[in-house]
Amino acid sequence: MPVREDTTAAPSPGARPPLPDAVPDVMTKAMTDAVHQRVIDWFSEAARDLPWRRPECTPWGVLVSEIMLQQTPVVRVLPRWELWMQRWPTPADCAAADPAEILTVWDRLGYPRRALRLQSAAAAITSQHGGEVPQNAEELRALPGIGEYTAAAVACFAFGAPEVVVDTNIRRVHARVFSGAALPGPTYTAAQRRLAHELMPATHDDGGVRACAWNAATMELGALICTARSPQCAICPVADLCAWRAAGSPPPTDSQRTRGQAWQGTDRQVRGAIMAVLRQRSPVAAAAVLEGLDLPEASADQRRRCLDSLVADGLAVRAGEPGSAVEQIGLPGTV
């Protein structure tokens, strides 16, 4: 990918190192502007053609994508998003659907409570906003299950509002390019929040078009180039302006590392296996579900605990006394 020509000088080797989570003193406004321009130009050529980015995508489609993409890779989300939008192209359609069908279409995206929260948000949009996704972040944040990031992302990507959008990919780009850190760490700190606000392009001259483009472009740069494990610095459009590269690309410190979540043998794995059974046939005898799981390492106590937790979370319903021969379990609305 060709790099846009820029005459801004890179930080000198003897320059004072930057403070963590702050814009370095050597990162002048001209350099920050150069980063903005290069990343936005790169995005205009390299951005993936994702259906929720297309002009014809509705705000509802953007909202669905943002919920699905939480802790889930794009490659897994794409087929589920397509099917979801075919089944429920409007919030009203989703609000009226059977919860069992909602969970079935969600399939193996993980964290299935997101599916029920999305349906709750659809119900609120239908009853409180005339079926139209609200346009500002404050109203979006008031919807069930919608947090700060999702509200800002939908306001920005669906409506062009210049909200500050910060996900893990954006935090990583900010940390490396501007703070010289290998990774941003597991927690979104107050200092990182200030940095994100400081880095937003001005909105007075274009109504926020450039700021919204910066959000999308930085997110894509983190997803495709400035990745956590194998950053492709050789083709990064701002490699020569990157504080981390200027510092010699130091490895992450212990405090910067994010510990990966285990899967094998965890309650998440057992809960997922139970949900997979219920999506295939529901209702079914609880004993058959628990005994039939192909998880030899999962004890009977763990299986029972996970089943009970699914019922408590509203992801499954029970008929009959727990542990009895007549106990049945199914998706919501099937028992």
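Gln269 lies in helix H13; helices (H or I, at least four residues) and strands (E, at least two) are DSSP runs, numbered from the N terminus. This is a predicted model, in which local features need pLDDT of at least 70 and side-chain atom pairs count only at pLDDT 80 or more, while totals for chains, interfaces and linings use all residues. Residues are numbered from 1 along each chain as its sequence is written, and side-chain values use heavy atoms, with hydrogens and water left out.

The relative accessible area of Gln269 is 9%, so the residue counts as buried (buried means under 20% relative accessible area, exposed over 50%, partly exposed in between; 1.4 Å probe, protein chains only). Apart from neighbours within four places in sequence, Gln269 is in contact with Trp263, Gln264, Leu295 and Glu297, where contact means heavy atoms within 4.5 Å.

### Salt bridges

Side chains of opposite charge can pair when their charged atoms come close. A salt bridge is a side-chain nitrogen of Lys or Arg within 4 Å of a carboxyl oxygen of Asp or Glu. Searching the whole structure gives 16 salt bridges.

| Pair | N to O distance |
|---|---|
| Glu220 and Arg53 | 2.7 Å |
| Asp107 and Arg279 | 3.6 Å |
| Arg193 and Glu148 | 2.5 Å |

The salt bridge between Glu220 and Arg53 links distant parts of the chain, 167 residues apart: Glu220 belongs to helix H11 (residues 209–224), and Arg53 to the loop between helix H1 (29–46) and helix H2 (59–68). Glu220 is buried, with a relative accessibility of 1%, whereas Arg53 is partly exposed at 32%.

Asp107 and Arg279 also form a salt bridge, and this pair links distant parts of the chain, 172 residues apart, with Asp107 in the loop between helix H5 (99–106) and helix H6 (113–128) and Arg279 in helix H13 (residues 267–280). Helix H13 is also the place of Gln269. Asp107 has a relative accessible area of 30% and is therefore partly exposed; Arg279, at 14%, is buried.

In the salt bridge of Arg193 with Glu148, the partners come from helix H10 (residues 190–199) and helix H8 (residues 148–159) respectively, distant parts of the chain 45 residues apart. Arg193 is partly exposed at 31% relative accessibility, and Glu148 is partly exposed at 42%.
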